[in-house]
Amino acid sequence: MPLTKQHKYLTRQKILKVSGRLFRENGFDGISIDRIMENCGLTRGGFYAHFSSKSELFSEVIRSDHDLLDRLEARQGISKQELLREARDILGQYLSPVNYDKIANSCTIAALVGDAVHAGKESKIAFSEALKRFHNELQRSEVTEQKIWPIIVLTTGAMTLARSLMSKKEVNTLLLNCQKELDLLMPEP
């Protein structure tokens, strides 16, 4: 019996979600198609009904799996000041030590920047698209062009570096200091 379009779509979404988590935890080279599919409760053969290669899957994860960007794009503010306030709140929460354990393992940009550079052209294109989405959301909040890239680097760079630290105290210090810098780059409207 052929699978319905809905079933195929849901299976693809499951593969994307599971593989996103596994890529963020293990990197591109640290996880196999077999292990991804095993974690999905599916067979390796089923993988190829959705993706032609691990590289294609990785690019699609980079293109689609962004909690931070989704939250920025979902802001409801009417005025530029409201949009800026919401962006400040979202990015402040992103850098909060209280949220570190959740964010560190869910931010595709922070976790996969190095892998995206080395995984091939499509991955690099997908990563560039994600950064452009981030850029556009800050622009929508009327953050000046000269501050947009520093904000992107400060937030995602802080999380990337925090992931490499072994000491919770060092992580907290890094994130708290970066929150202070974010306040300077994005003052209260």
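User: What is the handedness of the crossing of H1 and H2?

Analyst: A crossing is left-handed if the near helix is turned anticlockwise from the far one by less than a right angle, and right-handed if clockwise. H1 and H2 cross in the right-handed sense. Helices are DSSP runs (H or I, at least four residues; strands are E, at least two), numbered from the N terminus. This is a predicted model, where local features need pLDDT of at least 70, side-chain atom pairs count only at pLDDT 80 or more, and totals for chains, interfaces and linings use all residues. Residues are numbered from 1 along each chain as its sequence is written, and side-chain values use heavy atoms, with hydrogens and water left out.

User: At roughly what angle do the axes of H1 and H2 cross?

Analyst: Axes are lines fitted to C-alpha atoms, for helices over the stretch in contact, and angles run from 0 to 180 degrees between N-to-C directions. For H1 and H2 (residues 33–40), the angle is roughly 125°, and the axes come within 9 Å. Under 35 degrees counts as roughly parallel, over 145 as roughly antiparallel, 65 to 115 as roughly perpendicular, and the rest as oblique. H1 and H2 are therefore oblique to each other.

User: Which residues of H1 and H2 meet?

Analyst: Contact means heavy atoms within 4.5 Å. From H1 come Lys-14, Ile-15, Val-18, Ser-19, Arg-21, Leu-22, Phe-23 and Asn-26; from H2 come Arg-35, Ile-36, Met-37, Asn-39 and Cys-40. The contact of H1 with H2 has seven nonpolar, three polar and three charged residues. In that scheme, Ala, Val, Leu, Ile, Met, Phe, Trp, Tyr, Cys and Pro are nonpolar, Asp, Glu, Lys and Arg are charged, and the others, Gly among them, are polar.

User: How do H9 and H10 cross?

Analyst: H9 (residues 121–140) and H10 (residues 145–164) have axes that come within 10 Å and cross at roughly 125°. That makes H9 oblique to H10. The crossing is right-handed. Among the contact residues are Leu-131, Phe-134 and Leu-138 of H9, and Ile-148, Trp-149 and Ile-152 of H10. By class, this contact has seven nonpolar, four polar and one charged residues.

User: Is the crossing of H8 and H9 left-handed or right-handed?

Analyst: H8 passes H9 in a left-handed crossing. Their axes cross at roughly 150° and come within 10 Å. Thr-108, Ile-109, Leu-112, Val-113 and Ala-116 of H8 meet Ser-123, Lys-124, Phe-127, Leu-131 and Phe-134 of H9. Seven of these residues are nonpolar, two polar and one charged.

User: What space lies in the largest pocket?

Analyst: Work on a 1 Å grid over the protein atoms alone: a cavity is a set of points where a 1.4 Å probe fits but cannot get out, and a pocket is an open set with protein on both sides within 12 Å along at least five of seven lines; lining residues have an atom within 4 Å of a point. Points are joined across faces, edges and corners, and a volume is the space filled by probe spheres set on them. The largest pocket holds about 160 Å³. H1 (5–26) and H5 (67–73) each supply at least two lining residues, and H1 gives the largest share, four. The lining has one nonpolar, three polar and six charged residues.

User: How many cavities of 30 Å³ or more does the structure hold?

Analyst: One. The largest cavity has a volume of about 70 Å³. H5 and H8 (108–118) each give two or more residues to its lining, with H5 giving the most, four. That lining divides into six nonpolar, three polar and two charged residues.
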